[in-house]
Amino acid sequence: MTVVPPSFDLLPGDPASPVILHVPHSAREIPADVRTGIVLDDPALERELDHITDAHTAAIAEEAARAAGVTPWRFVNRLSRLVVDPERFPDEREEMLAVGMGAVYTRTTHQDVLRPGGFDAEPLVERYFHPYARAMTEAVADRLAATGRCVIVDVHSYPSAPLPYELHGDGPRPAVCLGTDSFHTPPALLTAAREAFAPCGETGLDSPFAGTYVPLDFYGTRAEVSALMVEIRRDTYMTEPGGPAHEGLPRLASALAALIDAV
């Protein structure tokens with residue numbers, strides 16, 4: 001029997017911490033049976049992974065968790081977003097379907113074919129997307145039960161120059177973009193983030209990426225669940241497109257730890 005590798009890890013933090021660092025796009029791993037459904041050859045796939053992966057964001061979250069006064073919980077995707085993207089809607093509500101990048105991508109960052117026409121995404125959604133969503137929902141419910149609230153900090157990165165798939169790539173590209181939700185991002189959380197990331201350069205709001213991730217069971221109904229997306233411009237901590245981290249990474253991890261301590 002084939003052993004299916006776990007697609008995510010929930011890394012426990014302090015029982016008293018309401019914070020979950022969510023790291024959905026840091027991995028490059030693609031299971032062999034999923035790889036067969038991707039039409040790119042190996043060099044082209046590696047190039048695509050360089051562009052689409054939020055490289056080193058798991059390391060930023062790990063370092064921040066170690067530095068924080070009260071250790072946050074971490075929910076980390078261990079598979080590439082080219083398997084499934086756990087932050088997309090799995091249906092027609094997803095605006096990124098317009099560029100072939102719904103829950104299961106059919107196009108690349110440069111809008112080349114990733115999966116063939118007529119590809120059936122449902123098995124991947126059932127196998128990977130729904131279990132991930134259930135586990136994240138349970139993690140949030142657990143923090144609510146333990147602390148009375150939950151703060152989801154979504155840890156992402158983005159390229160310094162826009163890629164063809166971006167729907168809103170013509171706006172500002174600050175060192176740190178803070179993605180917000182009108183219901184789930186309270187002013188105090190946003191203020192804390194601006195202060196925490198001030199040493200890292202300019203912070204901006206909802207450009208080039210907007211919104212934040214909240215499991216649907218709580219979305220728009222549970223104000224005790226607050227959320228913020230932290231989008232870090234990649235040139236501030238790594239060599240683009242898929243190279244090593246540099247001296248900017250510890251500075252960003254320290255800023256993220258400051259945010260954790262503030263909330």
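**Entry 1: strand β2 and its partners**

I began with β2 and found four bridges joining β2 to β4, the two running parallel. Helices (H or I, at least four residues) and strands (E, at least two) are DSSP runs, numbered from the N terminus. I took two strands as paired if DSSP finds at least two bridges between them. This is a predicted model, where local features need pLDDT of at least 70 and side-chain atom pairs count only at pLDDT 80 or more, while totals for chains, interfaces and linings use all residues. Residues are numbered from 1 along each chain as its sequence is written, and side-chain values use heavy atoms, with hydrogens and water left out.

Next I checked β3. Strand β2 (residues 19-23) and strand β3 (residues 73-77) also run parallel, joined by four bridges. I followed I20 across: its bridge partner in β3 is W73, and in β4 it is I152. For V23, the bridge partner in β3 is V76.

Is β2 mostly covered or open? Mostly covered: five of its five residues are buried. Here buried means under 20% relative accessible area, exposed over 50%, partly exposed in between (1.4 Å probe, protein chains only). I sorted the side chains by direction. V19, L21 and V23 point one way from β2, while I20 and H22 point the other way.

**Entry 2: the whole sheet**

I then traced the sheet. It is open, with seven strands in the order β1-β3-β2-β4-β7-β5-β6, and the pairing is mixed. At the edges stand β1 (8-11) and β6 (203-205); each has a single partner strand, so one side of each is left without a neighbour in the sheet. On average, neighbouring strands of this sheet are turned by 20 degrees against each other, direction ignored. For that angle, axes are lines fitted to C-alpha atoms, for helices over the stretch in contact, and angles run from 0 to 180 degrees between N-to-C directions.

**Entry 3: nonpolar cores**

I looked up the largest nonpolar core: it has 37 residues. Such a core is a set of buried Ala, Val, Leu, Ile, Met, Phe, Trp, Tyr and Cys residues joined through side-chain atoms within 4.5 Å. Those with the most contacts inside it are V153, V176, F197, L228, V230, L256 and L259. The elements giving two or more residues to this core are β2, α3 (57-67), β4 (150-158), β5 (176-179), α5 (187-197), β7 (225-233) and α6 (248-262). Which element gives the largest share of this core? It is α6, with eight residues.

Leaving aside neighbours within four places in sequence, V230 is in contact (heavy atoms within 4.5 Å) with V153, D154, V155, H156, V176, C177, L178 and F197. Another core lies apart, of 29 residues, among them A44, I52, M96 and F129.

**Entry 4: pocket and cavity**

The largest pocket holds about 1,000 Å³ of space. My rule: on a 1 Å grid over the protein atoms alone, a cavity is a set of points where a 1.4 Å probe fits but cannot get out, and a pocket is an open set with protein on both sides within 12 Å along at least five of seven lines; lining residues have an atom within 4 Å of a point. Grid points are joined across faces, edges and corners, and a volume is the space filled by probe spheres set on the points.

Of the 42 residues lining this pocket, the closest to its centre are E87, R88, F89, E94 and T212. The largest share of the lining, five residues, comes from α4.

I count one cavity of 30 Å³ or more. The largest cavity holds about 50 Å³. Its lining is S7, N77, L79, S80, V83, V84, P86, Y128 and Y132.

Most residues other than glycine have a negative phi, and most peptide bonds are trans. I listed exceptions. The S207 to P208 peptide bond is cis, with omega near 10 degrees. The E240 to P241 bond is cis too, with omega near 5 degrees; P241 sits in the loop between β7 and α6.

Q111, not a glycine, has a positive phi of about 70 degrees. Q111 is partly exposed, at 25% relative accessibility. D206 has a positive phi near 55 degrees and lies in the loop between β6 and β7.
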